[in-house]
Amino acid sequence: MHEFSIASGIVDTVLTFAEANGIGKIVEVRMLVGELTCVDAEQLKFCFSAITNDSALEGAALQIDTADAAVRCPHCGYEGPPKYWEGALSAAFLPTLECPDCGRAAEPSAGHDCSIKSIRYVRDSDPSEAKLSTA
Amino acid sequence: MSTATASRPAFTIPTIEASPEEIYDIELEHSLLEANARLAEENRAVLDGHGITAIDFMGAIGSGKTTLIARLVGKLKDDVGVAVFNGDATTSNDQDLVASSGVQVVQLATVNGCHLDANLVGKALKKIQLADLRLLFLENIGNLICPAEFPLGAKARIVVISVTEGPWSVRKHPHMFLGAQIVVINKTDLATAMDVSVDALTADVHKLKPDIKVIPTSCKTGAGIDEVAAALLAV
């Protein structure tokens, strides 16, 4: 359940940012999670909702965008989407590091993201209270 | 040098865009794995400075990580300086097993954590004598999923699976293998009884990562241990 530590990281980061900038209510957090990470979106959402009660994040939606995997082959120079292992498991195609062109070992070049991209918040009733200087 | 708590990066706010109902968006580029990755690089620099190669041992509970490490320590300790960090959620059984061999051992109790992180390893590095060490074995928490996202500063990662985990352990945990350099298939003495093919497991690993070194072992009979020791010395 590393999703829990990642959810804690999100909450920590966003609440620190919100406090520093006088933001009282956040309605959405948008994340980018790479295809080559083993972060489960549903588990991450569950952990996030479980630890945001009684905070500026209460009820906030966690939107998770997926970043596609890409590989680069040091042998033939291929750059692009990985070769997928179809039928490895019933439900999922697994990205592999086998070069789609020459079949030798490629290296991952994209798909390891796990980051907060943006937050969406409600402005306080008195706009002058929102201090939007950089923290 | 930054620490885990001091490493929060400064935020930048490129755009602020108003929308109806007084809702605003803020771009907030912040990587959640970056703090650990940075600490891992710091650990690596400390290790490199002392000429120490750290190896991250990952694998499921019961795959034989501790026994394999104990075997390797027994084989290597008279020739090169070896130390072991044992990750375990709560117990110190593993530490006891390896400590009886007389090398430096630190127990890393993560309590509720499911993986070691670079911060814990960095703290443990301050607890041992680094001089004269050549190899440091980092035994990760028994788990085939989480440790993949948390580099520790090791020069190589080794995944230990065993035939008793059944025929599908590779395809069920692909991420673990993509980031590893060596795979050990342990308990080969039980392959026939388990009706699990070591060759098929090896083929699965190579399907995910064609160039990875796969070494079948049996910690019971000692088969393959020499080859693992040689592979670690060559990292």
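View 1. B:Ile158 stands opposite B:Ile182 in strand E8 of chain B. Strands (E) are DSSP runs of at least two residues, helices (H or I) are runs of at least four, and both are numbered from the N terminus. The model is predicted: local features need pLDDT of at least 70, side-chain atom pairs count only at pLDDT 80 or more, and totals for chains, interfaces and linings use all residues. Residues are numbered from 1 along each chain as its sequence is written, while chains are lettered from A and ligands numbered from 1 in the order in which they are written. Strand E7 (residues 156–162) of chain B runs parallel to E8(B), with 5 bridges joining them. Two strands pair if DSSP finds at least two bridges between them.

View 2. Why is strand E8 (residues 182–186) of chain B described as largely enclosed by the rest of the structure? Because 5 of its 5 residues are buried. A residue is buried if 20 or more other C-beta atoms, placed from the backbone, lie within 10 Å of its own; it is exposed if there are 12 or fewer, and partly exposed in between. B:Ile182, B:Val184 and B:Asn186 point one way, and B:Val183 and B:Ile185 the other way. Strand E9 (residues 213–216) of chain B is joined to E8(B) by 4 bridges, and the two run parallel. There, B:Val184 has B:Ile215 as its bridge partner.

**View 3. B:Leu138 in a nonpolar core.** The largest nonpolar core has 70 residues, and B:Leu136 and B:Leu138 have the most contacts inside it. Such a core is a set of buried Ala, Val, Leu, Ile, Met, Phe, Trp, Tyr and Cys residues joined through C-beta atoms within 7 Å. Apart from it lies another core of 24 residues, including A:Ile10 and B:Leu32. Contact means C-beta atoms, placed from the backbone, within 7 Å.

**View 4. B:Val73 in a helix.** B:Val73 sits in helix H2 (residues 65–76) of chain B. B:Val73 is buried, with 23 other C-beta atoms within 10 Å. Leaving aside neighbours within four places in sequence, its contacts are B:Val82, B:Val84, B:Val98, B:Ser101 and B:Val103. B:Ser101 is 28 residues away along the chain, yet the two C-alpha atoms are separated by 7.5 Å.

**View 5. An open sheet in chain A.** 3 strands lie in the order E4-E3-E7, paired antiparallel. Strands E4 (79–80) and E7 (107–110) are the edges, each pairing on one side only. A:Val71 stands opposite A:Gly80 in E4(A).

Methods
Contact = placed C-beta atoms within 7 Å.
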